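Please look through the two chains of this model one part at a time.

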Amino acid sequence: MERRYLLGNEAIAHGCLESPISFVSGYPGTPSSEVIEVLSSLPDRSYYTEWSVNEKVALENALAAAWCGIRALCTMKHVGLNVAADPLMTSAYTGVTGGLVIMAADDPFAHSSQNEQDSRMYAKFARIPCLDPATIQEAHDMVRDAFSLSEELGLPVLFRPTTRICHSKGDVELGPVIENTRKGEFHRDPRQYVVIPAHTRILHKKLNEKQPKVRKKLHETGYNHATLRGRRAVIASGIAATYVQEVLPADISFMKIGAYPIDEEWLAEFVRLHDEVLVIEELAPVLEEVVREVAGCVTVFGKKDGHSPWEGELAPDSVARIMASCGFSPAMTFPPVTPVPDLPPRPPILCAGCMHRPVFSAIRKVFRDGIYPSDIGCYTLGIQLGAVDTTICMGASITIGSGISHSGEEREIIATIGDSTFLHTGIQGLLNAVYNGARMTIVILDNRTTAMTGHQPNPTTGLTACGTPAPQVSLEALCRACGVQFVETVDPYDMTSLTYALKEAKERPGVKVIIAKQICVINARRAGIKRGKYRVDQETCTGCGICISFGCPAIERLEEKASIGELCSGCSVCAQLCPAGAIRKEGPR
Amino acid sequence: MTKSYDIMIVGIGGQGTILASNILGEACLIEGRSVRGAETHGMAQRGGSVESHIRIDGKYGPLIAPGTADILIGFDMLEGLRYSHYLKNGGRMVLNHRMVVPTSVFVQGLSLPSEEGIIARLSGKDLCLIDAERIAGEAGSPLSANVVMLGAASLHFPLRADSLLTAVQRLVPPHTVVVNTRAFETGRAAGQTC
């Protein structure tokens with residue numbers, strides 16, 4: 001036994017090693033990414049690890065591994081589960097022989113996401129078990145035990161930590177790492193693995209018949225437990241349970257739920273011992289709905305009567321306020337405080353020397369009245385530069401663009417999408433746009449990595465998750481194979497070529513692709529690439545502000561003139577933009 | 001139920017707030033204390049405003065409620081002011097005497113409070129200003145400013161100085177142990193003069 005101070009995701013990765021696991025796949029997504037980052041970087045791995053190109057691909061790979069009798073983990077963020085929903089729903093029918101744990105990390109408050117969906121709903125939808133940890137220790141223990149649970153029930157298990165588990169830290173008790181000795185073997189069984197109607201009708205019935213056993217087994221895990229202390233009770237789930245415990249007075253009963261589906265008889269018995277019950281959970285009223293179903297004439301407080309919010313994340317102070325609003329006096333009250341008003345915001349920003357910035361700048365110049373569908377990645381920050389008009393989900397820049405082009409809208413459409421996102425779900429949109437005769441220009445922002453989530457490799461990188469060499473996919477050949485006639489690759493630091501390519505694309509009909517290719521500036525720095533620094537000649541600077549509006553964090557305004565600070569990475573784009581020729585490379589001329 | 005000692009560390013992505021919180025966590029482990037922390041990961045780190053919550057003897061959730069932090073360590077003056085409502089009445093603020101101007105100020109022409117203005121707006125707080133970059137430079141590297149700040153605030157932590165120093169030495173890159181040891185000690189001495 002060992003006690004360490006770990007990030008939630010590190011503790012989850014360690015739990016997997018204690019299971020042990022045989023197979024790992026996933027697609028990066030905040031807050032889930034560090035699990036595979038840890039597992040892929042350990043020495044002496046006894047298991048297979050991959051970054052897949054998207055979540056559907058990842059889950060199908062993991063499902064196959066579990067069919068072969070080995071233990072598979074598949075990780076993604078909550079919205080990734082939408083992409084993987086197709087195999088998810090039917091994997092509950094086919095079941096598994098090796099343990100399959102699907103980690104879908106939810107993001108209450110959308111710290112780093114496009115929505116606040118609640119993955120517990122997917123588990124209910126698919127009729128598979130769902131584990132919802134309240135602490136990092138519990139997350140570690142749950143994932144360690146989830147594989148054998150999955151094998152015992154013959155079902156995939158959905159493991160659903162939230163941002164405040166994944167990206168929190170705590171002292172965690174770890175067990176020994178066990179070496180994986182399993183080897184996969186596929187046993188042909190068409191009635192199980194070929195879901196033609198005749199088979200699937202039977203499999204669906206079997207899935208439904210399994211449910212009482214699932215509830216019983218989950219109850220035995222002890223993740224759901226209760227303490228009787230009075231005539232009123234709080235029932236809480238996931239991390240919200242810890243916020244409740246922090247402010248819970250001694251005379252209020254407490255039930256904590258960490259596993260679904262809940263044993264309803266046990267729940268009903270607890271609820272009916274009370275006069276009033278308050279349900280505390282983040283996001284959807286998944287737990288509250290079950291409580292209301294069994295409550296009879298017991299009063300239930302929660303989201304449905306407006307006491308608790310349906311959105312955002314909770315915290316000890318908001319939980320105390322919810323309790324107070326229902327007449328449950330919390331053990332602690334919190335002073336009302338207001339943040340300091342009128343401070344300039346400091347949102348995340350594209351790095352100094354980021355290749356995306358010159359692309360957005362050139363697009364705005366060449367396609368002045370254009371419509372700019374974009375996608376999910378660091379480059380969504382292009383919204384600050386006025387060059388992002390839409391973002392909805394992975395891969396949707398191209399499809400939104402082609403939809404607009406067929407809507408009767410006559411303005412130019414110029415879509416931006418990153419290399420990893422293009423390979424995730426952009427290719428299908430491109431194929432469709434070419435096939436159906438859309439009119440648009442697509443710029444693939446190719447920085448050779450999945451930068452936003454922490455620089456995970458992808459098929460453009462030339463390396464796998466574990467750092468072994470892999471063939472680099474040719475985006476150019478891929479686009480041509482989809483039927484695109486005009487495909488140009490340019491260096492986005494070369495403003496002349498970039499602008500020329502955009503102008504040429506503008507003149508041509510149909511779907512045009514420009515691949516703006518330049519290594520991510522963070523990776524360039526890590527690789528030791530030094531391009532020198534640029535400086536503003538104060539004599540020559542006219543103070544026109546063109547470089548300032550470029551928005552690079554290395555460029556500041558001092559008095560009325562521009563100045564370049566230490567963040568400069570030497571991309572040279574501002575020097576190319578300066579009409580006075582005042583920006584020059586440092587050093588002797 | 002003993003209450004946890006709650007520390008907020010705020011700054012700008014890339015300033016080393018995560019290393020500082022890891023050092024605190026490690027020091028708690030050395031003393032056999034429970035600890036909880038929460039921090040900013042993902043895209044928000046790209047030069048954005050970041051916050052770490054650390055709760056020494058924390059047994060429940062990782063989040064510190066506004067108005068309850070025992071101490072706030074600000075790696076940037078503007079960020080210190082932005083999160084100052086997290087401090088409890090009478091709580092201490094250890095603030096790096098330095099401000100990085102947000103790019104939004106230049107691009108959107110927003111108004112920025114002056115350093116004097118920030119200090120004036122923090123007048124109700126128990127404020128300790130530290131020139132962390134200068135002290136870190138003297139210790140051997142301006143990159144150790146985060147350890148200087150931790151040292152300056154460490155007088156108030158319910159942790160022993162030797163546990164913290166051992167944690168520093170365990171967690172910083174091996175070739176920077178000497179510099180960071182000096183950074184911690186001179187930071188702690190600077191904190192004593194406040």
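In H15(A), the buried residues are A:His356, A:Arg357, A:Pro358, A:Val359, A:Phe360, A:Ser361, A:Ala362, A:Ile363 and A:Val366. A residue is called buried when 20 or more other C-beta atoms lie within 10 Å of its own, exposed when there are 12 or fewer, and partly exposed in between, with C-beta atoms placed from the backbone. H15(A) is thus mostly covered, with nine of its 11 residues buried. Helices (H or I, at least four residues) and strands (E, at least two) are DSSP runs numbered from the N terminus. The model is a predicted one: local features require pLDDT of at least 70, side-chain atom pairs count only at pLDDT 80 or more, and totals for chains, interfaces and linings use all residues. Residues are numbered from 1 along each chain as its sequence is written, while chains are lettered from A and ligands numbered from 1 in the order in which they are written.

What do the buried residues of H15(A) pack against? Their partners in chain A are strand S15 (414-418), strand S16 (440-446), helix H19 (495-507), strand S18 (511-517) and helix H22 (573-577). Contact here means that the C-beta atoms of two residues, placed from the backbone, lie within 7 Å.

The next level is the domain. Chain A is assigned domain 1 (2-220), domain 2 (225-325), domain 3 (356-526) and domain 4 (534-585), with bounds that come from an automatic or database domain assignment. The centres of domain 3 of chain A and domain 4 of chain A, taken over C-alpha atoms, are 27 Å apart. Nine residues of domain 3 of chain A are in contact with nine residues of domain 4 of chain A. On the domain 3 side, helix H15 (356-366) and helix H20 (521-526) of chain A each supply at least two residues, and H15(A) gives the most, with three residues. By class, the domain 3 side of this contact has five nonpolar, two polar and two charged residues. In this classification Ala, Val, Leu, Ile, Met, Phe, Trp, Tyr, Cys and Pro are nonpolar, Asp, Glu, Lys and Arg are charged, and the others, Gly among them, are polar.

Elsewhere in chain A, helix H2 (residues 34-41) has A:Glu34, A:Val35, A:Ile36, A:Leu39 and A:Ser40 as its buried residues. These residues of H2(A) pack against S1, helix H1 (8-18), strand S2 (23-26), strand S3 (48-51), strand S4 (72-77) and strand S5 (100-105) of chain A. A:His225, by contrast, counts as exposed because it has 12 C-beta neighbours inside 10 Å. A:His225 is found in strand S9 (residues 225-227) of chain A. The C-alpha atoms of A:His225 and A:Trp266 are separated by 9.8 Å, and the two residues are 41 apart along the chain.

Chain A as a whole has 22 helices and 22 strands. Of its 589 residues, 52% count as buried. A compact globule with 589 residues would have a radius of gyration near 25 Å, and the 27 Å of chain A agrees with this. That radius is taken over C-alpha atoms, and the globule rule is 2.2 Å times the number of residues to the power 0.38. Along the principal axes, the C-alpha atoms of chain A fill a box of roughly 80 × 65 × 55 Å. Among contacts in chain A between residues at least 6 apart in sequence, 76% join residues at least 24 apart.

Chain B has eight helices and six strands, in the sequence order β-α-β-β-β-α-β-α-α-β-α-α-α-α. For its 194 residues a compact globule would have a radius of gyration near 16 Å, and chain B has 16 Å, which agrees. In chain B, 57% of the 194 residues count as buried.

One helix pair in chain B can be followed in detail. The axes of helix H5 (residues 132-139) and helix H6 (residues 145-153) of chain B come within 8 Å and cross at roughly 110°. Axes are lines fitted to C-alpha atoms, for helices over the stretch in contact, and angles run from 0 to 180 degrees between N-to-C directions. H5(B) and H6(B) are therefore roughly perpendicular to each other, a term for angles of 65 to 115 degrees, with under 35 roughly parallel, over 145 roughly antiparallel and the rest oblique. H5(B) contributes B:Ala132, B:Glu133, B:Ile135, B:Ala136 and B:Ala139 to the contact, and H6(B) contributes B:Ala145, B:Val148 and B:Met149. These residues divide into seven nonpolar, no polar and one charged.

Finally, 44 residues of chain A are in contact with 43 residues of chain B. The chain A side divides into 22 nonpolar, 12 polar and 10 charged residues.
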